[in-house]
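Here is a short briefing to read alongside the model.

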Amino acid sequence: MSEQASGLLTVAVLVAALAAVHVPLGDYIARVFSSDKDLAVERAFYRLSGVNPQSQQRWSRYAVSVLAFSGVSVVALWALCTWQGRLPLDRGATMDWHTAINTAISFVTNTNWQSYAGESGASALVQTLGLAVQNFVSAAVGIAVAVALIRGLVARRTGLLGNFWVDLTRATVRLLLPIAFLGAVLLLAGGVIQDLAAPQVVETITGGHQTIESGLVSSQEAIKLLGTNGGGFFNANSAHPFENPNGFTNLVEIFLILMIPFSLPRAYGRLVGDKRQGYAVLGFMAFLWTSMLVVITWAEQAAAGSPTGAMEGKEVRFGVWSSALFATSTTATSTGAVDSWHESFSPIGGGGALTNMLLGEVGPGGVGSGLYGALVVAILAVFIAGLMVGRTPEILGKQVGRKEITYAALYSITTPALVLLGTGAALLVSGAKGAILATGPHGLTEILYAYASASNNNGSAFGGLSADQPYLNLTLGACMLLGRFLPIIAVLALAGSFAAQHRRPTTDGTMPTHTPLFAGLMVGVALLVTGLTFLPVLALGPLAEALS
Amino acid sequence: MTVQLASPTTQSMPKEPAGSSLWRQFGPALPGAAAKLDPRRLWHQPVLFVVWVSAALTTVLAGVHPSWFAWLVAIWLWATILFANLAESVAEGRGKAQADSLRRTRATATARRLTPAGEEEIAAADLRLGDHVVVEAGQVIPGDGDVVEGIATVDESAITGESAPVVREAGGDRCAVTGGTTVLSDRIVIQITAKPGETFIDRMIALVEGAERQKTPNEIALGILLTVLTIIFLLAVSTIPPFAGWSGQRPSVLVLAALLVCLIPTTIGALLSAIGIAGMDRLVQRNVLAMSGRAVEAAGDVSTLLLDKTGTITLGNRQAADVVAVGRNDVNAVHRLAHLSSLADETPEGRSIVTWTAERLGMTMDTPSDAVVVPFTAQTRMSGLDLADGTQLRKGAAASVCRLVRDSGGSGADEASAVADRISAAGGTPLVVAAGATGAPIDAVGVIHLKDVVKPGMTERFAQLRNMGIRTVMITGDNPLTAKAIADEAGVDDFLAEATPEDKMRLIKSEQEGGRLVAMTGDGTNDAPALAQADVGVAMNTGTSAAKEAGNMVDLDSDPTKLIDIVAIGKQLLITRGALTTFSIANDLAKYFAIIPAMFVASHPGLSALNIMGLHSSNSAILSAVIFNALIIVALIPLSLKGVRYRPLRADQLLARNILVYGLGGVIAPFIGIKLIDLLVQLLPGM
């Protein structure tokens with residue numbers, strides 16, 4: 001089979017699988033978060049932690065719960081990383097204090113930026129008890145916040161958004177755990193390793209010695225992708241043969257990345273009682289994903305002028321098509337796992353991956369964060385265009401007034417501000433400047449990519465940048481923290497102010513938010529806002545490189 | 001409740017200027033615009049403040065390193081602010097002209113205050129709430145109040161433009177008088193209900209001048225979005241130096257300032273307040289005074305309209321719609337008898353019968369000079385004519401005429417009353433016509449069908465409203481049967497029959513519970529609570545001061561049909577704001593394509609590929625973008641004042657249309673505009 005044919009077939013199989021799964025999974029997610037019943041294990045958890053699952057929270061309480069939970073998680077994970085040498089299952093891995101801070105923030109914010117090397121930086125205890133646990137709960141936090149926003153849109157003057165602890169528990173127990181289990185089995189069947197054996201030391205052909213680490217890879221791999229986390233067990237991430245041995249596992253991994261983000265619009269449609277609303281959001285997400293896939297695949301195919309495209313930095317077992325597919329999917333969600341080196345992509349291909357993140361990761365975005373990001377785009381679209389139908393803008397019968405637009409605007413300004421200020425400041429600090437490998441536009445892209453990845457909680461690394469140094473660890477950590485929680489607070493405040501409103505009836509005078517036109521409008525708003533913010537720096541980075 | 005229909009023939013308000021004369025207003029507005037260059041006046045408008053700082057900065061830079069380019073950029077940045085202020089000044093100038101004409105009518109006269117000791121003459125400005133004043137024919141009413149004694153005709157043309165005098169009397173719903181109007185006849189005693197300086201005319205002046213203009217909720221929300229966009233662009237532009245510095249380039253601060261001004265939403269930022277002022281102005285031109293901009297905006301959001309039947313949906317009076325012959329009578333003969341019997345009937349109903357039958361007969365008759373007119377009385381409930389040949393003609397309420405027929409031993413009473421019942425059942429009013437020789441039995445000959453006539457064009461307007469997603473509810477004191485018949489004919493969505501003020505209030509509250517915004521009109525004191533409860537309450541100027549106080553708009557023409565226009569004006573205001581915002585943001589794309597290659601082409605020659613407009617040079621590209629950015633404001637001032645053309649369409653149709661025109665148009669127009677400007681600018685020195 002030719003490269004093109006197998007590539008197209010891979011995409012076709014992926015799309016077919018997603019199309020098949022998003023309806024039942026979306027419906028299931030909607031049921032999970034609207035059901036009155038608690039599972040026995042959940043009840044036990046609530047009793048242990050003293051949570052009353054019946055109590056409903058206002059937005060401020062919901063937000064405090066999110067922040068408290070995440071704050072405690074950061075501290076606990078930092079302690080675990082810092083003192084891993086004195087804890088069981090130690091293999092001599094260590095982290096500097098600033099690396100530990102960066103890592104703790106990174107995994108709690110669902111970023112999974114790794115400034116340490118996977119196999120040598122973290123002990124098995126840190127990997128399983130720290131990182132793997134955060135892979136689940138940080139994803140669950142994102143889903144919970146998205147569900148809270150939907151509840152705000154549906155509520156009629158109650159001001160209540162549900163209970164964070166219940167949402168967190170249900171997302172973990174009923175959604176992430178079972179699917180991650182199935183995913184782990186599938187990956188295991190495909191050849192991903194899963195053992196607790198000691199590292200093997202082998203003698204290489206040249207006579208040198210190499211330590212080959214192994215561990216509980218398959219189980220961690222599944223949630224790494226399903227929860228759009230992206231932190232690899234190994235430094236080489238999904239390019240490592242133990243994590244991702246072949247084309248089949250590669251496809252499964254991409255599928256795991258995309259399945260929840262692409263199912264959430266359906267759940268949204270279900271929960272608001274109008275499936276068409278979900279289709280519009282899905283259409284918006286799918287259009288962005290498809291467009292970026294076409295751009296990146298075309299760029300990589302066209303690069304180097306050879307029929308195989310640019311193979312530098314890509315695994316031969318995946319080829320150009322699957323690498324482009326993985327790169328698109330991992331940056332369009334908040335995953336950040338890589339099966340190829342984005343640094344080695346063509347300027348437009350690498351710039352495409354960068355643009356995916358700069359768009360705010362909404363096509364389809366991370367678990368939960370993609371949906372709430374897309375809904376904020378919808379709110380902006382409603383506000384700008386909604387006036388053009390001669391009414392106060394409203395979405396699902398909820399007015400977008402002074403308070404709502406303030407929160408939506410705060411959401412939208414946070415990550416661009418972090419990316420621009422972070423990158424700009426780093427270029428003025430000699431230490432950070434020295435960490436950049438390439439010169440000229442490509443070097444600018446390296447540092448811009450790092451701050452875009454951290455601020456948008458993606459976690460993928462462009463490469464080239466020596467990120468494990470205090471200035472970068474701390475500023476990128478700050479970007480991750482602010483890039484995660486400021487938008488979450490804005491979303492919850494938005495949800496709270498929606499929840500306090502009447503729900504106005506839909507009439508012919510209401511701007512429809514379920515039509516292809518509206519989905520197109522959302523695309524326009526997302527592209528225009530991102531384009532206008534980042535065009536100067538993109539022109540100096542990827543565009544200048546591509547056009548030179 | 002009574003509704004007086006007034007159709008103004010003359011208006012004291014200046015008419016909306018035509019497009020060409022609008023340009024003529026720019027000249028007088030220039031000094032005002034220049035005065036607003038003071039940064040202290042701008043700092044609460046972040047967009048324009050940023051332009052001011054940029055302009056000041058470029059001026060300093062141009063002074064330090066003078067060049068044609070630097071000075072041209074600086075001059076055009078100042079021009080941008082000037083044009084932005086011009087928009088507001090023109091809008092305010094129009095209001096001032098109206099205010100001046102109102103001020104001339106303001107009472108300067110003295111008042112004759114009644115005191116226990118007798119009458120004393122004091123200045124109108126010294127009147128207090130509750131004072132009683134006497135006004136006689138030829139005198140100007142010194143302040144707003146209610147007539148507590150007497151009846152008078154009053155010339156209110158000073159505020160309404162309506163030249164026909166109106167009657168004002170003590171008690172009832174026509175007791176309110178407005179300061180500044182003139183008593184034409186008789187003598188009345190007025191109790192003052194407004195403090196000096198807070199009278200209706202004072203409020204009108206403040207409103208049209210925009211002195212008390214407060215930002216509306218929508219305007220504030222839009223302002224927040226514009227501020228945030230400004231912050232984003234400030235970040236995007238201020239981080240360019242380190243990014244460009246990585247490649248060893250130092251972009252000039254002058255160019256960065258120019259880029260910043262081009263990117264921030266100056267167009268909508270400049271026009272935003274003008275749009276708001278112009279929206280109020282459009283209402284004033286239709287003789288409607290909105291007490292707040294919030295009310296105008298709410299009008300656009302209205303989803304339920306409560307309309308009074310009489311005067312709004314139907315013509316005030318019942319009219320002949322049919323004549324049914326009874327027994328073996330010839331229809332033509334019945335028409336003739338109906339015609340004759342109504343000739344002396346001067347009521348609107350009677351006249352409508354004459355007109356209707358004359359059309360059928362193809363001729364009109366005069367009352368025979370020898371006939372005796374039998375006038376209508378409350379006892380007989382009929383009227384008629386006794387002709388010289390001894391024929392008696394009677395026309396009146398079905399029951400009364402039928403009794404007369406039966407008593408005289410005449411025929412047709414049963415059939416006539418059956419026809420009458422049928423007409424009643426259909427919501428009409430039957431009048432039975434009977435005729436007979438004196439002394440002989442009187443026979444019922446036919447039944448006239450009177451009905452409420454729906455105003456021409458109302459059915460289409462209701463269909464339009466439905467299309468716009470607005471529900472119409474007809475309010476009437478009629479019984480449900482009659483109400484339903486008219487509601488069906490007019491095509492309203494619902495009706496409230498035998499409505500009391502309490503019913504109205506309940507209806508408004510239940511609509512609001514469901515999240516709907518309600519608009520209504522009213523004029524009586526008992527309408528006041530409902531007017532206050534409604535989101536848009538339009539009080540008729542003929543109404544009581546309680547009603548005017550409760551509503552958030554006053555219609556000087558007292559035309560309840562205008563509610564529909566008010567909704568359209570509210571929508572037009574919001575659409576204009578949205579359209580120009582979309583246009584303004586969409587414009588930025590082209591400006592980037594002009595400025596980014598111009599800025600970076602020195603260090604990255606490849607970026608010249610982005611110069612898709614083929615602009616002459618870096619300098620000409622930047623200057624062209626700046627000039628376009630300034631001129632587009634001037635070009636859009638007429639649109640912002642007149643408002644975007646509004647068509648009553650469904651929301652999705654409106655959206656598609658406006659996105660095409662203002663979204664896509666906003667992307668394309670500047671590419672063409674900047675290119676054209678560049679063709680001229682390249683001829684300038686220093687390009």
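UniProt positions are given in the numbering used here, feature names are shortened, and annotations may be inferred rather than shown by experiment. This is a predicted model, in which local features need pLDDT of at least 70, side-chain atom pairs count only at pLDDT 80 or more, and totals for chains, interfaces and linings use all residues. Residues are numbered from 1 along each chain as its sequence is written, chains are lettered from A and ligands numbered from 1 in the order in which they are written, and side-chain values use heavy atoms, with hydrogens and water left out.

**Annotated site in chain B**

- The UniProt record, an unreviewed entry, carries the annotation "binding site" for a set of residues that includes Asp345(B), Glu349(B), Ala378(B), Ser383(B) and Lys395(B).
- Ala378(B) sits in the loop between strand E13 (372-374) and strand E14 (382-386) of chain B. Helices (H or I, at least four residues) and strands (E, at least two) are DSSP runs, numbered from the N terminus.
- Ala378(B) is exposed, at a relative accessible area of 62%. Buried means under 20% relative accessible area, exposed over 50%, and partly exposed in between (1.4 Å probe, protein chains only).
- Ser383(B) belongs to strand E14 of chain B. Its relative accessible area is 10%, so Ser383(B) is buried.
- Which residues does Ser383(B) contact, leaving aside its neighbours within four places in sequence? They are Val374(B), Pro375(B), Phe376(B), Leu393(B), Arg394(B) and Lys395(B). Contact means heavy atoms within 4.5 Å.

**Overall build of chain A**

- Chain A has 18 helices and four strands.
- The radius of gyration of chain A is 22 Å, close to the 24 Å that the globule rule gives for 548 residues, so chain A is as compact as a globular protein of that length. The radius is taken over C-alpha atoms, and the globule rule is 2.2 Å times the number of residues to the power 0.38.
- Along the principal axes, the C-alpha atoms of chain A fill a box of roughly 75 × 60 × 50 Å.
- Of the 548 residues in chain A, 64% are buried.
- Take the contacts in chain A between residues at least 6 apart in sequence: 78% join residues at least 24 apart.
- One example of separation in sequence is Val13(A) and Leu251(A), 238 residues apart in sequence and 8.8 Å apart in space, C-alpha to C-alpha.
- Val13(A) is in helix H1 (residues 3-34) of chain A. Its relative accessibility is 41%, so Val13(A) counts as partly exposed.

**Backbone details**

- In chain A, a cis peptide bond links Gly363(A) to Pro364(A), with omega about 5°. Pro364(A) lies in the loop between helix H12 (347-358) and helix H13 (369-386) of chain A.
- Leu396(A) is not a glycine, yet has a positive phi of about 50°. Its place is the loop between strand E3 (394-395) and strand E4 (398-399) of chain A. With 11% relative accessibility, Leu396(A) is buried.
- Asn287(B), a residue other than glycine, also has a positive phi, near 65°. Asn287(B) occupies the loop between helix H11 (266-285) and strand E10 (288-290) of chain B. Is Asn287(B) buried or exposed? At 1% relative accessibility, Asn287(B) is buried.
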